[in-house]
Amino acid sequence: MSEENQKEETENQQEVQTEQKSDQAAAAASQANAQTDAESKASSEDETIALKQKVEELTKEVSELKDQLLRRAADFENFRKRAMQEKQDAFDYGNAALLTDLLGVIDNFDRTLEAAKTASDAKSIADGVEMINKSFISMLENKYNLKAYGAPGDEFDPAIHEALMSAQGPVAEPTIKEIYLKGYKLKEKPIRLAKVVVTMPDGTVKAEPKAEDKKADGNDKESAEEK
């Protein structure tokens, strides 16, 4: 065999080897691509399953929160209705205790009036009415803190007294001369002013310094002595 033929045969063998390597590389690449596609598909399926599970969990959580919200809304509505009913009951029946006590006073008056029909002694009837009056006043004072105020000789106070008439007289300060209608305080708050006749100072009696005025004068004297 000539050198040219050997050279040509060598080249042919090299070409065959190159083609074989190329085919092997293509096959390997195809296999790698197939494996990659399979892995990608598997990964995508896993992600889809995970997303479905997450959606199911969130759907369940939303459903539970919605149920809780509806329950709380119902509880609040029930609370609002109860509060309104209690408020209405307090308005409608708030005076029930007082009215029950007043029924006892009415019963006493009924018995007194019934006894008066056959009584021969007016004083006994008057005594009975006086007892009812004292009992009634005691109940109002002790149970409801309702107290009467105002008496002749008290110092006139426009915050709790209403002057119906006035006349000058020998007093140092405006003084109550006569009680026309008693005043009443619920605890410390006047709920009805006392209607009174007032004696106003005529200038014949000098007003005595009040305790705070005396204290102020004493302080002034001490300050002057120190100077």
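In the hairpin formed by S4 and S5, two residues sit between the strands, and Lys-187 adopts a positive phi near 60°. The model is predicted, so local features need pLDDT of at least 70 and side-chain atom pairs count only at pLDDT 80 or more, while totals for chains, interfaces and linings use all residues. Residues are numbered from 1 along each chain as its sequence is written, and side-chain values use heavy atoms, with hydrogens and water left out.

Helices (H or I, at least four residues) and strands (E, at least two) are DSSP runs, numbered from the N terminus. The chain has four helices and six strands, in the order α-α-α-β-β-β-β-β-β-α along the sequence.

Strands count as paired if DSSP finds at least two bridges between them. Strand S4 takes part in both pairings below.

| Strand pair | Sense | Bridges | A bridge partner pair |
|---|---|---|---|
| S1 (residues 146–149) and S4 (residues 183–186) | antiparallel | four | Tyr-149 and Gly-183 |
| S4 and S5 (residues 189–192) | antiparallel | three | Leu-186 and Lys-189 |

Thr-112 belongs to helix H2 (residues 96–116). Thr-112 is buried, at a relative accessible area of 14%; buried means under 20%, exposed over 50% and partly exposed in between (1.4 Å probe, protein chains only). Apart from neighbours within four places in sequence, Thr-112 is in contact (heavy atoms within 4.5 Å) with Ile-125, Val-129 and Ile-132.

Of the chain's 227 residues, 10% count as buried. Among contacts with a separation of 6 or more, 64% involve residues 24 or more positions apart. The chain exposes about 18800 Å², of which carbon and sulfur atoms supply 53%; accessible areas come from the Shrake-Rupley method with a 1.4 Å probe, and for residues only the protein chains shown count as cover.
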